[in-house]
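Reader: I would like a close look at the aromatic rings of this model and at what surrounds them. Please set out the terms as you go along.

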Amino acid sequence: MAKERGDLLQGTLDMLVLKALQLEPMHGWGITERIEQWSESVLQLGQGTLYPALYRLERQGLIRSEWKVTENNRQARFYSLTRAGRRHFSDELAQWRRMSRAINLVLETT
Amino acid sequence: MRWITEGWNRIRSVGRRRALENGLDEEIRFHLDQQTEKHRRAGMSADEARRRALLDFGGLARVKESTQDEIRPALLEDSVRDLRYGVRVLRGAPGFTAAAVVTLALGIGATAAIFSVVRTVMLEPLPYREPDRIVAVWETNRGGTQRNTIAPANFVAWRERTRTLEHLGMVGPVTLAVVGNGQAEQMGGLSFSSDGFRALGVQPALGRAYTAAEDFGGGNAVIVLSHEFWQGRLGGRRDVLDMTITTDGLRRTVIGVMPPAFTVVGQKAAFLIPYSESIERLRAARGRGSSYAIARLREGVSFEQAYSEMRRIYAELEKEAPQRNAARTVMLFPLHEQMVGEVRPALLALVGAVVLVLLVACVNVANLLLARSAAREREIGMRTALGAGRGRLMRQMFTESLVLAGAGGVAGLGVAALCHRGLLVLVGDRIPIPRLDQLALDLPVVAFTLATALATGILFGLVPAFVSTSTASDAMREGSRHGGGRRLHRLLSTLVVAEVALSIVLLAGAGLLMRSFIKLQRIDPGFRADGVLTAGVQLPATRYDLPAASRFYAESLSRISALPGVQHAAGSSCLPPPGSCIVTSVWRVDRPKPPDGQLRSSQIRPITPAFFRTMAIPQVAGRGFSETDTAESTPVAVVSDSLVREQFAGDNPLGRRLHINVDHANGRSDMEWVVVGVVRDIRSSQDGAVRPIIYTPTTQIPARGMRFFVRTGQDPLSLATAVRGVVHSMEAEAPVDVRTLEEVVGSTIARPRAISVLVAVFALVALALAAVGVYGVMAYSVRERTQEIGVRLALGATAASVFCLVLGQALRLVFIGVGGGLVAAGILTRLLERLLYEIEPLDPWTFTVSAVVLLAVAAVASYVPARRGMRMAPVDALRTN
C-alpha cells in the first residue's frame, strides 16, 4: 500500500520538479523551497526525498546537472530542463488536464 | 523512446558512479547548510537550527541509499524483480503456463535432437588427418550411378600409374569365424590394405600397423584389433599384443589395437587384416571381389585433377583388359560424401519437419500470450498510469516470455533425450546411419537447445509485448477497448491461419509416408516367410577347400532334414533380396553376344533341390533341381519370370542355353547352362523392386558360405538349438547365425518404417498445437466481442445463432488455413518423392483426409468458446466495460 502511494507521489513529485525548473536552473535546496511554496504535503516524507527523484530524472534524460558557484561563493549542483524534459512536461500536463476535465464533467453531472 | 536514453545513461553512469557518489555528499551538505541558515535567520540558535534542518531533511541514511540506488545501474536488480514478478504471474495461470511450456518443450526438444543427429552424422569432421583430402574409389557402368566394387587387378594398375593420388589402399568387409577367448563367433571386420592406414592418417593406439611388406608378402599372418573388441571380448587384457587370434582357422598374431571409437568411413570393424596377396596375384585376379579403395590426394592436387586422371587411366585399362573393364569407368567421392550421401535426403526431410514443428510451437505460444493479454489490460493500464514507461512494461512482459522459453528449453532437454533414445531404438543397428551411436547430450547440444529457447522466446515474446503495451496506453487515453482489440484479433487470426496451414503440410507428408510404408509392408515377396528358420554357416577356408565345404553342407543338410519337426529344409548361398548374391552378366548361347555395354546382369543363386518347396516359391514351368544334377552332369539353371521376359521375350526358354560369367565347380567359366525350369519372381521388401534371378544347383556352383532354410509347423526358433547342434557336432569352430526369415525380411523395411513413424509423430504434435491455437484465438475473440454478443442477445438473438456466429468465424479461418496449407503441401511434398513407394506426391486421397481431419479437430476446438459465448447472460456482457 505504502509503495503504491509512494509511486503515485513519485509521479506528482516529478511533475513539480519539472515545473520548478521551467523558469530557470536551480540547485536542490532551491527546488525544495519553491515546491514548499506550492504544497507542503508533498515533502511530508522529508526534503531528502527530492534527491532520488532528481537523480532519476537526470538518468531518464529529462534534466541535466552541472556544478556552478552560488552568490555566496559555494559550490552547488545546478539542475536544468532538457529539451526532452520540456516536451515530456507539456505532454503530461496536457494529459492531466484532459483527465481532470473528464472527471469534473462526471462529478458535476448529478 | 525515453527508455533508450535511460538505458544509455545507465550505462554511462557506471563510469561516473564514484564521481556521482562524492558529489552527492557535497550536495547534501550544501542543502543542510542552506536549511540551517534559513532556520537561524528565523531566530533559532545554531544547534537548534542544525537539528531542525536534519529533521526537515528526513532519514539521511535512507535518502543516501535511495539516491545511490538511482546512481547504481539497477539493471540487474530490476531484472531480478522482473523475473520474480514474471514467475509469480505465470504461476497464477497454471493452465496457460503448462500448455505453453509443453508446447515449447516439444518444439525445442525435437529441434535439439535433430540438430545433434545432423551434427554427429553430417557436420562433425571425420577423425582422420586432413579428411577433406581423402577420397573413395569405386567402379561403375559408364553412365551409371550404382557404386560397384573394384577389381584388384585395376587397383594394382592404379597404384602404379597414378600421379595425383597416394597411399592407395583397398577396403573390403569380411565376416570371419573369430576365436579369441573360447567360442568361435562370426564377427564383421575389414580387409584393409597397409596403405589404408596412411591414406587415413591413423595409427593404432597400441602396437603398430602392418607394413606393405607384410601385406603384399603374404607370409606372416597378422591382425589389428579394434579397441571395443579388445575391451569387450578380450577383457582388455594387458598381454593382447603378440597373442594369437584364429580367424577361419588361420592363426594370426595381434600386432596392434586401434584407438577407441575408430571406424573406417563409419563402418565399425572388430578387426583389420591385410589382403595378404602379392602384387602379381592381385594383378592376375579375375573378377571384382567386394572391396573399394581409398586414397589421399597428393600435395597441391585438386579433386577434379585426380578424378580426370583416374578416368584417363581407366580408359587405358579398358583397352588393355576389355573383358574386365569394357563399358565401365571409375567413380571418385570425397570421403565425407561416401559416408553421408545415402542418408542425406532422409536427414534433410527430418530437419524440415522439425523446423516446421518449432515454428508452429512459437506461433502457438504467441497466440496464447496475445489471447491472455486481453485479460491483463487493466493491470497494464494501471501500471502505466502509475508511472511505468512503455519500455519498462515491455521489458517486464518480455521477461515473462523469456521465463516461459527458459522453462520450455529445460523441459526441451528432457524431450531431446527421449528423442535420442527413440531414434536409437527405432533406427539403431538396422540402418547403418554412420556414427549414430555417438549421439549424446553434450555441451554443444545443450548450448544449442538453450540458444533455440532464447530465440523462440524473442520470437514469440516480442510481438505480444509490443501489441499489448500499445493497446494499453490507447485504452487509458481513449477510455475504449475496441480499436486495439480489433487489431489484435486480426493479428491472432493471421497466426492461426498460418498454424493451420503448417499443420496441413505436416499431416499430408505424414499421410503419404505412412501409406507408402503400408504398401511396402504389403508387398508380396514371392515366398512365404512365416515358419522358416534361417541358419548361416561359414567354414574356415584354411581347413575346408570348396569340395570339402560342399560335402560338409550336403551332410549337414541331410541331418537337419531328419530333425523332428522339420517339414522341408534347403540351402542357398545368400539371403532373399536384397541379400548379397553374386551378380554377373548373362547372355544367350543361340544369339550373338551383345556388345559389352549392353550386357544384362542377373543374380546367381546356388540352391539345393528342396529350396523352392521350402520357400513356397511357385514353379511356373519345367522342373526344379534333383539329386541327379551333379558337378559332372549337364549344367542346368532355373530362371525367374523377369529373366525370361528380359532374355527370351516371347520365346519358350525351356531347353535353351545361357552363358553365365561365373566359375563352374569344375573351374571353367565358359560352360553353357541349360534352362530347365521357370519360377515366380521374388521381390525385395525394401523398395519393391524385382530383379532377375538365375538359380543353379550348389553342386554345380559351389559356395563357401551356406544359409540353411528350415520350414517347420511349430515356432521356428524352437529348432534353433537343434540346428546349431547339428553343425557343431561336425565342426565345433564354425559359427552359426540363426534368425527367423520373418526377422530378416522385417529388417529390410526398417528405414521406411522409422521415417514414417517419426513424421507421423511430428504431424500429430502439430495437429495438437493447431487445435490449441484455434481454441486460443476463438476464446480471445469471444471475450473481445463480449459487448457485441451481449447486445445481440439483448436484442433477441437466439443462443443458437450466437453459437453459429462464433463457430462460423472459426471455420472461416480454418478454411483459409486449410486452403493455403494444401497449396503449400502440394509444393513441398514433391521433396519426398525419393522416399515414396507407389504413391504420388500429390495423392488426392491423402490430401483430402488431411484436410478433413484438421477441419474436424478445429471444429472441436472451437466448440468450447462458442458454447461459452452462447451461454453468456446479456446483462453481464453489457456490463463489462
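Author: What follows begins with the aromatic pairs and then turns to charges over rings, a surface patch and some single residues.

The model is a predicted one, in which local features need pLDDT of at least 70 and side-chain atom pairs count only at pLDDT 80 or more, while totals for chains, interfaces and linings use all residues. Residues are numbered from 1 along each chain as its sequence is written, chains are lettered from A and ligands numbered from 1 in the order in which they are written, and side-chain values use heavy atoms, with hydrogens and water left out.

A pair of aromatic rings is described by the distance of the centres and the angle of the planes. Rings of Phe, Tyr and Trp (its six-membered ring) pair if their centres lie within 6.5 Å, and planes under 30 degrees apart count as stacked, over 60 as edge-to-face and the rest as tilted. Over all chains, a search of the whole structure finds 14 aromatic pairs. One of them is the edge-to-face pair of B:Phe303 and B:Tyr307, with 5.7 Å from centre to centre and 75 degrees between the planes. These two residues are separated by about one helical turn, because they stand 4 residues apart in helix α11 (residues 303-320) of chain B; helices (H or I, at least four residues) and strands (E, at least two) are DSSP runs, numbered from the N terminus. B:Phe303 is partly exposed at a relative accessible area of 21%, whereas B:Tyr307 counts as buried at 18%, where buried means under 20% relative accessible area, exposed over 50% and partly exposed in between (1.4 Å probe, protein chains only).

A further pair, B:Phe611 with B:Tyr695, is tilted, at 6.1 Å centre to centre and 45 degrees between the planes. Because B:Phe611 belongs to helix α20 (residues 611-615) and B:Tyr695 to strand β19 (residues 693-697), both of chain B, this pair ties together parts that are 84 residues apart in sequence. Both B:Phe611 and B:Tyr695 are buried, and together with B:Phe612 and B:Phe709 they form one aromatic cluster.

Rings also meet charges here: the charged end of A:Lys68 sits over the ring of A:Phe78, 5.5 Å from its centre, and B:Lys593 lies over the face of B:Trp587 at 4.3 Å from the ring centre. A charge sits over a ring if NZ of Lys or CZ of Arg is within 6 Å of the ring centre and within 35 degrees of the ring normal.

B:Thr263, in the loop between β7 (250-257) and β8 (271-273) of chain B, is buried at a relative accessible area of 12% and touches B:Tyr128 and B:Lys268, not counting residues up to four places away in sequence; contact means heavy atoms within 4.5 Å. B:Gly180, in the loop between β2 (165-179) and β3 (184-192) of chain B, is partly exposed at 23% relative accessibility. Leaving aside neighbours within four places in sequence, B:Gly180 is in contact with B:Leu234, B:Met243 and B:Ile245, and from B:Leu234 it is 54 residues away in sequence but 7.0 Å away in space, C-alpha to C-alpha.Last, B:Leu402, B:Leu454, B:Ile458, B:Leu462, B:Val463, B:Phe466 and B:Leu491 make a nonpolar surface patch of about 540 Å² (Shrake-Rupley method, 1.4 Å probe, only the protein chains shown counting as cover for residues). Patch residues have over 30% relative accessible area and no salt bridge, like charges being joined within 9 Å and nonpolar side chains (Val, Leu, Ile, Met, Phe, Trp, Tyr) within 5 Å; a salt bridge is a side-chain nitrogen of Lys or Arg within 4 Å of a carboxyl oxygen of Asp or Glu.
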